[in-house]
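I opened this notebook to record what I looked up in the structure.

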Amino acid sequence: MLAFTWVALRFIHFTTLMLVFGCALYGAWLAPVSVRRLMMRRFLRLQRHAATWSFISATLMLAIQGGLMGSGWRDVVSTEVWGAVLQTQFGGVWLWQIILALVTLVVVIIVPRNMPRRLLMLTIAQFILLAGVGHATLHSGITGAIQQVNHALHLICAAAWFGGLLPVLYCMRMAQGRWREQAINTMMRFSRYGHLFVIGVLITGIMNALFIVGFSVPWHMAYGQLLLLKGALVMLMVAIALANRYVLVPRMRQDNRSMTLYFIWMTKLEWGIGAVVLAIVSLFATLEPF
């Protein structure tokens, strides 16, 4: 039960952090200047909820780690065990993860000037920190540094892809009104740069697998089987993204209503599959690759 709680919190933390990043990406970069403020207001409630759960999950994960290192649930609430956890590499990294998650929450509450850019910097810093724990720290020296940089890039590309999907649905609604031109430009920019995000996810994902298991993937073990399932689901997401961009979008001019409905449904499906992939990634933390 303790391990399941860890996996659930890890899933919540990854998902919410990526949502904050994805929405901020539109307000800081993808959307035209004329609608950035509009998008920032539209996504503010979602970002506040996401930032809240990101902070809560990060804090609880430190306590749960104490239980995993100690004697179970009784050590989850032990301040002595928390202190011991903070002395480990995980604890040292995770303390900063909690601090940055709290700063992120404060930012979305007070809404300072240039909030999307601040959120981008804060979330990128947290993705970099995430590369300092777990299987990304299997190697040391130059190899270890390359692995961690690769893992951080993997998380950032995945966040841009997965976190940027829900704002696309909002842009589809915007495209039906007075902001049609700006909404279409925003979606086209996401689509154009989305190619780079997807390629980045695939390349860094393959590199991650090579760093962790090498060329002899343990298909007979749960880790190897989940790795295969994750790869299959990611390729399904790629297929959906390509179908959306090169099949549905060109036909929207001919049959706007039906193609738009198909596009929205496919985008929701792509996001749902991405959530399953994140669940698998969260489960990896409890499994040994060998």
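In what order do the elements of the protein chain run from the N terminus on? I read α-α-α-α-α-α-α-α-α-α, and I noted 10 helices and zero strands. The model is a predicted one.

Overall dimensions. I looked up the radius of gyration, which is 20 Å; the globule rule gives 19 Å for 290 residues, so the protein chain is as compact as a globular protein of that length. Along its principal axes, the C-alpha trace spans about 60 × 45 × 35 Å.

Among contacts with a separation of 6 or more, 77% are between residues 24 or more positions apart.

Annotation. I consulted UniProt, where an unreviewed entry places the feature "transmembrane region" at several spans, including residues 6-29 and 50-73. In the model, residues 6-29 are 100% helix and 0% strand, with the end C-alpha atoms 34 Å apart. For residues 50-73 I noted 83% helix and 0% strand, and a distance of 27 Å between the end C-alpha atoms.

Helix pair. I then examined helix 1 (residues 2-30) against helix 6 (residues 141-163): their axes are 8 Å apart and the packing angle is about 70 degrees. That angle makes helix 1 roughly perpendicular to helix 6. On the helix 1 side the contact residues include Phe14, Met18 and Phe21; on the helix 6 side, Leu155, Ile156 and Phe162 are among them.

Methods:
Residues numbered from 1 in each chain as written. Predicted model: local features only at pLDDT ≥ 70, side-chain atom pairs only at ≥ 80, totals over all residues. Heavy atoms only, no water. Axes fitted to C-alpha atoms, helices over the stretch in contact; angles between N-to-C directions. Helix = DSSP H or I, 4+ residues; strand = E, 2+ residues; numbered from the N terminus. Parallel < 35°, antiparallel > 145°, perpendicular 65-115°, else oblique. Contact = heavy atoms within 4.5 Å. UniProt positions renumbered as here; feature names shortened; annotations may be inferred. Rg over C-alpha atoms; globule rule 2.2 N^0.38 Å.
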